[in-house]
Amino acid sequence: MDNDIKIGVLIPKSKQYPTIDKDFMRGLKLNNLNAKFFVESIGIGADEKMIIDKIQKLNFQEDISIIIGFFGHKNMSEVYNYTSKNDILLLAADLGATLPYETPAYKGVYINSFGLAESCYHLGRYFTSKKYEKIATSTSFYDSGYGLLSAIEYAFNKQDNFSGHYITPFQPREDEALYMSKIINEQKPEVVFAFYSGLYAEENADFISQNKIAQQYPFYVTPFFINDKILDEYKNNQNDLYVVSSWMQNDTDTSEFNELYQNSYSENPTYFAILGYENGLILKNIMLNAKNLSVKSLIEETDHLHIEGPRGIIKFDKDTNRTTFNHYIYELNVNSLNNISFRKIETFVNDGHFIKALSSLKKPDHQSGWHNAYLCH
């Protein structure tokens, strides 16, 4: 490829995950794209007007018509509509923490999601198949505002399978670990669905270490629940702890990507790195195979994309222009050397119908979620 090719990159910042931008760029550059990158910060990713301003700057000032972005969710249709009408190819990445109501496919806009809410939907289907009727939830004030609870509830098909919800207050009480234990124990649940992120995941790890609640019930969690404190607690007191996700950092099925990243940066790849890598891989393949580098030709090639990636086949659903990956339940294990590993024990084959169903539903009057950008608190 010609090294005169210009690629615009829009990435957010996060206080709780300060390497989110660096990791995304590292993953992107791992593809050795022979191009020049023009990087713009979009703050916490919550301001669609700022994002459009940055796109205009890249497009008008630098004559860039190929843009990779790591975005939030709210009002993103305004961004997608703008690029679609202005002959710009947009390869967007998101974490998928909210539900994509009223989001039709836009020409030239392709969304590669980590699929957090989609994972939760499949977990809900799994709980239903196991005939669980008393499912407790445990989360933070921050995390509860997104679409994860709504996704798992959607899977219950109008049945009330929740035994109750424990939500840590914004200002935790001095003995919050006891409140957590008391509230969950009173429900007598069969399983606990727990999701925390950032400082709230650290806070939760302290509570669990004090009250040992995770030793009493099977815990099903999202990947950002996992941190060093949780893993240390697990090593000392092994329990039924499962992660639902489309990918885990030391998933043996993605060892080639992990090895490539470790050899390049001497670190394990993060969830942000894999999104950057996948979007770079998409761009690399469509540039190599398109008739020419016009936006029209690149769009035509993207519509027929079918390549192997770290999370499986990368392709875009023709009705939503979104990637469709399988999701998994990972079980935590400790080997004889006291090393943690994550082993796949369930595979949720994903045909994309959940996202299709949501994208055709009317948007609620109010959608929660602080600042609209999950993890950027």
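**Close-up views of a predicted model**

View 1. Beyond residues up to four places away in sequence, D21 touches I11, P12 and K13. D21 and F354 are separated by 333 residues in sequence, and their C-alpha atoms lie 29 Å apart in space.

**View 2. E40 and its polar contact with K57.** E40 is situated in strand β2, formed by residues 36-41. Its relative accessibility is 12%, so E40 counts as buried. The side chains of E40 and K57 are joined by a polar contact of 3.0 Å. When neighbours within four places in sequence are set aside, the residues in contact with E40 are V9, L10, I11, K54, K57 and L58.

**View 3. The buried face of helix α5.** Helix α5 comprises residues 148-155, and its buried residues are L148, L149, A151, I152 and A155. Viewed down the axis of α5, these residues fall within an arc of 160°, and therefore they line one face of the helix. In general, an α-helix has 3.6 residues a turn, so residues three or four places apart point the same way.

**View 4. Packing partners of α5 and the residue N157.** N157, which follows α5, has a positive phi near 55°.

Methods:
Residues are numbered from 1 along each chain as its sequence is written. This is a predicted model: local features need pLDDT of at least 70, side-chain atom pairs count only at pLDDT 80 or more; totals for chains, interfaces and linings use all residues. Side-chain values use heavy atoms; hydrogens and water are left out. Contact means heavy atoms within 4.5 Å. Helices (H or I, at least four residues) and strands (E, at least two) are DSSP runs, numbered from the N terminus. Buried means under 20% relative accessible area, exposed over 50%, partly exposed in between (1.4 Å probe, protein chains only). A polar contact is a pair of N or O atoms within 3.5 Å; within protein, one must be able to donate a hydrogen and the other to accept it, and residues adjacent in sequence count only if both atoms are side-chain atoms. The arc is that of the directions from the helix axis to the C-beta atoms.
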